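My notes follow in the order I took them.

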Amino acid sequence: MFNTNIMLFVNKIYPGMYLYRAYGPYSLPKSVADCVHVIGDLVLLPYIRHDPKISINKEKSIFGRGAWENDCDLPSCTGLVTPGVLKKRYHISEKNPVKGNSMAVAEFQGQYFDHRDIGKFSSACHVNVTVEKETGGDEEKAGMESLLDIEYIKAVAPEIPLNVVYSGQYSLLAWVRGISNQPKPDWVHSVSYGNDENQQISSAYVFAVNVQLMKAGTRGLSILFASGDQGVCGREGCGFIMRRYRPDFPAASPYVTAVGGTDFSTNDIGEEKVWSCTGGGFSNHFPIPEFQKQAVENYKKSASLPRAHLWNATGRGYPDISALGGTKTPYCVVVHGLGVGIAGTSASCPVAAGIFAKLNGIRLSKGKSPLGWLNPFIYQHADAFQDVTIGSNGCSPFVKGFEAISGWDPSSGVGTPDFDKLASIVAALS
């Protein structure tokens with residue numbers, strides 16, 4: 001079909017990661033070429049996702065700087081974000097299980113989980129963390145990313161069944177088509193993976209994935225992506241001569257809800273500030289969507305903006321919302337039987353996803369449809385989020401990031417969730 005040679009590529013550092021790719025040019029027969037929009041996952045090798053940031057200070061201690069009481073029976077969780085911290089800050093209340101509700105996390109590239117770790121986290125932190133379904137298989141190996149996702153989406157929403165969707169190959173196109181084609185799809189999906197827009201196979205690939213994300217929204221699926229952990233410069237960096245900010249994908253897609261990261265402003269539970277390395281900015285592929293036009297316009301009028309040549313003033317802005325994820329007080333995660341501190345928007349995303357899964361439960365309990373594509377709802381009800389007005393996301397003293405201001409901004413979105421306020425709004429929706 002492709003008139004090329006297909007070869008098996010194995011990662012030298014992670015031998016368990018392998019995939020097939022074309023070795024040389026490819027082509028399509030004339031009889032079908034005009035009917036094909038894009039060919040995904042045939043060329044280029046994906047960026048290998050490394051584990052989230054681990055906080056270790058000069059004394060090799062994993063203790064965080066939080067002044068709150070440790071609600072987990074693990075001394076190593078002292079000063080770190082725990083389930084109790086999240087419940088207090090985001091006003092998360094317990095809910096009863098609702099028939100038909102569900103949520104999922106996506107894992108790739110050897111990120112398995114160990115049931116013994118989630119069992120220890122459950123008992124130590126007094127939450128019910130269980131995996132009800134596994135799609136794609138699992139091995140009893142402790143992956144930091146997967147354990148962070150699982151332990152904290154369930155810490156927020158223990159009453160909701162969780163599906164861990166795994167694939168050894170990192171393919172956004174294959175993943176989104178897979179979840180959309182399920183006869184009974186999971187309603188909320190948390191994904192802590194992504195690359196720069198420029199690191200994708202092609203612009204055609206970006207647009208093809210975006211169409212699939214849009215279709216998933218029409219089925220009632222809510223898809224949340226982490227906004228990235230490298231500030232405005234992304235994984236590629238801003239460059240030295242032709243400097244330019246590097247937006248993230250899929251976070252910059254208008255059909256996903258991008259989740260940024262915050263830190264507490266002080267050492268106690270309270271007001272938050274932008275984590276300096278949270279991803280955020282403006283897409284180079286997608287225009288400003290209707291649901292955020294006013295918010296973006298307000299930001300441009302009010303903020304001290306970076307130089308115009310660095311970013312696309314006509315692009316879709318992200319993130320949409322934020323949650324705790326910075327390195328000041330990382331999350332306490334049980335990995336290999338030990339409590340360690342892990343930070344990044346990989347922590348923020350499953351927390352936000354768990355909150356929206358609980359909101360779905362409110363609607364489903366009344367016989368209503370799930371929330372589905374979240375962004376129009378979020379911008380219509382921005383007052384239900386806790387505004388973040390401190391900090392910026394340059395991730396370096398030499399880079400001017402986007403500053404946080406009152407209202408939406410491309411470093412914290414509309415702010416962090418207030419579950420009680422959101423629950424009242426959702427309960428009143430038709």
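I count two strands as paired if DSSP finds at least two bridges between them. Helices (H or I, at least four residues) and strands (E, at least two) are DSSP runs, numbered from the N terminus. The model is predicted, so local features need pLDDT of at least 70 and side-chain atom pairs count only at pLDDT 80 or more, while totals for chains, interfaces and linings use all residues. Residues are numbered from 1 along each chain as its sequence is written, and side-chain values use heavy atoms, with hydrogens and water left out.

**Strand β11.** I started with β11, residues 257-264. I looked up its partners. Strand β12 (residues 272-274) runs antiparallel to β11, and three bridges join them. In that pair, D263 stands opposite K273 of β12. Strand β9 (residues 222-226) is parallel to β11, with three bridges. There I found F225 opposite A258. Strand β15 (residues 321-324) also pairs with β11 in the parallel sense, over four bridges. V259 has I321 of β15 as its bridge partner.

Next I checked burial: under 20% relative accessible area is buried, over 50% exposed, and in between partly exposed (1.4 Å probe, protein chains only). Eight of the eight residues of β11 are buried. T257, V259, G261 and D263 point one way, A258, G260, T262 and F264 the other way.

**Helix α4.** I then turned to α4, residues 144-156. Does its length agree with 1.5 Å a residue, or disagree? The expected span is 1.5 Å times one less than the number of residues. For these 13 residues that gives 18 Å, and the end C-alpha atoms are 18 Å apart, which agrees. Because 13 of the 13 residues are buried, α4 is largely enclosed by the rest of the structure.

**Cavities.** I used a 1 Å grid over the protein atoms alone; a cavity is a set of points where a 1.4 Å probe fits but cannot get out, and lining residues have an atom within 4 Å of a point. Points are joined across faces, edges and corners, and a volume is the space filled by probe spheres set on them. I found three cavities of 30 Å³ or more.

Of its 13 lining residues, S227, G231, G234, R235 and D248 are the closest to its centre.

How values were computed:
On a 1 Å grid over the protein atoms alone, a cavity is a set of points where a 1.4 Å probe fits but cannot get out, and a pocket is an open set with protein on both sides within 12 Å along at least five of seven lines; lining residues have an atom within 4 Å of a point.
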